[in-house]
Amino acid sequence: MRLHVVANGTMTGQRYIDEILLPHVRLFRGAVGDKFDFMDDNATCHRTLAVQDCLDSEGIQRLVWPAHSPDLNPIENM
């Protein structure tokens with residue numbers, strides 16, 4: 001997956017769904033299969049009810065990670 005740059009405005013929950021989850025994560029999950037676990041970095045836009053509903057409707061399981069923990073979260077090092 002390529003790095004997605006938010007060029008205009010800020011990332012919101014709905015933008016996250018439209019620009020990341022549906023076009024990229026959903027397809028990747030389909031390719032990997034049932035053993036797919038999704039990891040994000042606990043950003044506020046990742047924790048909206050709309051995002052959780054989207055993940056639930058797509059059957060995507062999110063890994064539980066403590067917020068603001070760069071030592072435990074490899075995404076923070078990118």
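Modeller: A salt bridge here is a side-chain nitrogen of Lys or Arg within 4 Å of a carboxyl oxygen of Asp or Glu. The model is predicted: local features need pLDDT of at least 70, side-chain atom pairs count only at pLDDT 80 or more, and totals for chains, interfaces and linings use all residues. Residues are numbered from 1 along each chain as its sequence is written, and side-chain values use heavy atoms, with hydrogens and water left out.

Biologist: What makes Arg15 and Glu19 a salt bridge?

Modeller: Their closest N and O atoms are 2.8 Å apart, and the limit is 4 Å, so the pair qualifies. Arg15 and Glu19 are 4 residues apart in helix H1 (residues 13-32), about one helical turn. By this rule the count comes to 4 salt bridges.

Biologist: Why is Asp40 called buried?

Modeller: Buried means under 20% relative accessible area, exposed over 50%, and partly exposed in between (1.4 Å probe, protein chains only). Asp40 has 3%, so Asp40 counts as buried.

Biologist: Why does Arg47 count as partly exposed?

Modeller: Arg47 has 34% relative accessibility, and that value lies between the two cut-offs, so the label is partly exposed.

Biologist: Which residues are linked with Asp40 in a network of salt bridges?

Modeller: Arg47 and Arg62 are linked with Asp40. The N to O distance is 3.2 Å for Asp40 and Arg47. For Asp40 and Arg62, the closest N and O atoms are 3.3 Å apart. This second pair links distant parts of the chain, with Asp40 in the loop between E1 and H2 and Arg62 in strand E2 (residues 61-62), 22 residues apart.

Key: Helix = DSSP H or I, 4+ residues; strand = E, 2+ residues; numbered from the N terminus.
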